[in-house]
Amino acid sequence: MKVLAIIPGRGKQGAVPFVLEQCDWLERNGVEVLRFWIQGGCDPISALRDLVELRRVIKTWNPQIVHSHFGTLTGFLGVLAKQGRPLVVTFRGCDILTSKYDGFFRNLGQRMLSFVAACLSDCVVAVSEEIARNVWFRNSTVIPSGIDLNFFVPIKKVLARETLGWRNEEKVLLFYASDPRKRLDLAESILCSVKSKYPDSRLEIVKGGISRDGMRLRMSGSDLLLLLSDQEGSPNVVREANACNLPVVAVDVGDVRAQLFGVNIGGVFERNIDILSHEVEKVLAENRRSNGRELVEKYSQDILYPKLIDLYARLV
């Protein structure tokens, strides 16, 4: 089976890693995948160039399935370029949920493109139940992004810190700050509060560009993951933390509550700096790993992605 994956970004450094990992898993399991990166962003001229090149590639490579990863422009270009092939569009959150950071007209434009992509595609995939509810006008298949449980495994904290060059006595709060939605300002306020009790604590801020091995080491070397986003779909960073038994202190956003259901340390709490600071201090005081790996098996790539192959087969 041949699948053309349409991905936003400029090659491997620009694409979201969980999309590439899905493509890699499909290839390991007998699917031929060609990755096509959308370069243009919001520039109409660049988007037109992308469309012309995408149509050329689809015509010459002749895939059986076209799969747009994300709605908005990526999904819309898939609609315009598919030339009769079945089109799958995966919605991941930022492409269908309104954001206060994007402004009225950007939100409107993105929602309109996503609406068209959903209506004119042959199948809609949502990575969480919440996102499926937001694509209410189409039946959606819910397939979360999977993780490689053979790669994201617990490593001894002392060994991870030695590799990273971190001091053993410091308290490290891992924080993913790829855009303003992640709320670095709240993380800094919480750190300021926590420092009164744990002066040798700090944030380990990840803004992208870190290798997967680097993320695995940071998961194992940190004391906890702090997730404070205003908006999420189904964040893989929580699944990866669970796989590494890294405690998570989070607010109730996306499907995080479902991902953390049953954890024996950390969890989901009210978006309140005092409450969150107290919960961070509790995790630091206990100084132990979570039982997250016991909860993450259902998110394994080997469990989730065969459903995607079955979906492709039905469309073909």
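Begin by selecting Arg183, which lies in the loop between β7 and α7. Helices (H or I, at least four residues) and strands (E, at least two) are DSSP runs, numbered from the N terminus. The structure on display is a predicted model, in which local features need pLDDT of at least 70 and side-chain atom pairs count only at pLDDT 80 or more, while totals for chains, interfaces and linings use all residues. Residues are numbered from 1 along each chain as its sequence is written, and side-chain values use heavy atoms, with hydrogens and water left out.

Arg183 counts as buried because its relative accessibility is 16%. Here buried means under 20% relative accessible area, exposed means over 50%, and partly exposed lies in between (1.4 Å probe, protein chains only). Although Arg183 is not a glycine, its phi is positive, at about 65°. Most residues other than glycine have a negative phi.

The side chains of Arg183 and Asp230 form a salt bridge, at 3.2 Å from N to O. The two residues belong to distant parts of the chain, 47 residues apart: Arg183 is in the loop between β7 and α7, and Asp230 is in the loop between β9 and α9. A salt bridge is a side-chain nitrogen of Lys or Arg within 4 Å of a carboxyl oxygen of Asp or Glu. Asp230 has 26% relative accessibility, so this residue counts as partly exposed.

**Second stop: helix α7**

Select residues 184–194, which make up helix α7; Leu186, Ala187, Ile190, Leu191 and Val194 are its buried residues. When the view is turned to look down the axis of α7, these buried residues fall within an arc of 140°, so they line one face of the helix. The arc is that of the directions from the helix axis to the C-beta atoms.

What do the buried residues of α7 pack against? Their partners are β7 (171–176), β8 (201–206), β9 (224–227) and α11 (273–286). Contact means heavy atoms within 4.5 Å.

Display the strands next. Five of them form an open sheet, with parallel pairing, in the order β8-β7-β9-β10-β11. At the edges are β8 and β11 (266–269), each of which pairs on one side only. From one strand to the next, the twist averages 20°. Two strands pair if DSSP finds at least two bridges between them.

Leu225 has Val248 as its bridge partner in β10. Helix α11 packs on this sheet, where it touches β7, β9, β10 and β11, and its direction makes about 170° with that of β10. Axes are lines fitted to C-alpha atoms, for helices over the stretch in contact, and angles run from 0 to 180 degrees between N-to-C directions.

How many salt bridges does a search of the whole structure find? The search finds 23. Side chains of opposite charge can pair when their charged atoms come close.

Within helix α11, select Glu279 and Lys282. Their closest N and O atoms are 3.6 Å apart, and the two residues form a salt bridge. They are three residues apart in α11, so about one helical turn separates them. Glu279 is buried, with a relative accessible area of 13%, whereas Lys282 is partly exposed at 38%.

Then move to Glu204 and Arg202, whose side chains meet in a salt bridge at 2.8 Å, N to O. Glu204 counts as buried at 13% relative accessibility, and Arg202 counts as partly exposed at 22%. To see the network of salt bridges in which both take part, select Arg167, Glu169, Glu170, Asp200, Arg202, Glu204 and Arg218.

Select Asn242 in helix α9 (residues 236–243). Is Asn242 buried or exposed? Its relative accessibility is 2%, so Asn242 counts as buried. The side chain of Asn242 reaches the backbone oxygen of Gln259 at 3.3 Å. Leaving aside residues up to four places away in sequence, Asn242 touches Gln259, Leu260, Val263, Gly292, Arg293 and Val296.

**Last stop: Thr72**

Finish at Thr72, which is found in helix α3 (residues 72–81). Thr72 has a positive phi of about 45° and is not a glycine. With a relative accessibility of 15%, Thr72 counts as buried.

Key. A polar contact is a pair of N or O atoms within 3.5 Å; within protein, one must be able to donate a hydrogen and the other to accept it, and residues adjacent in sequence count only if both atoms are side-chain atoms.
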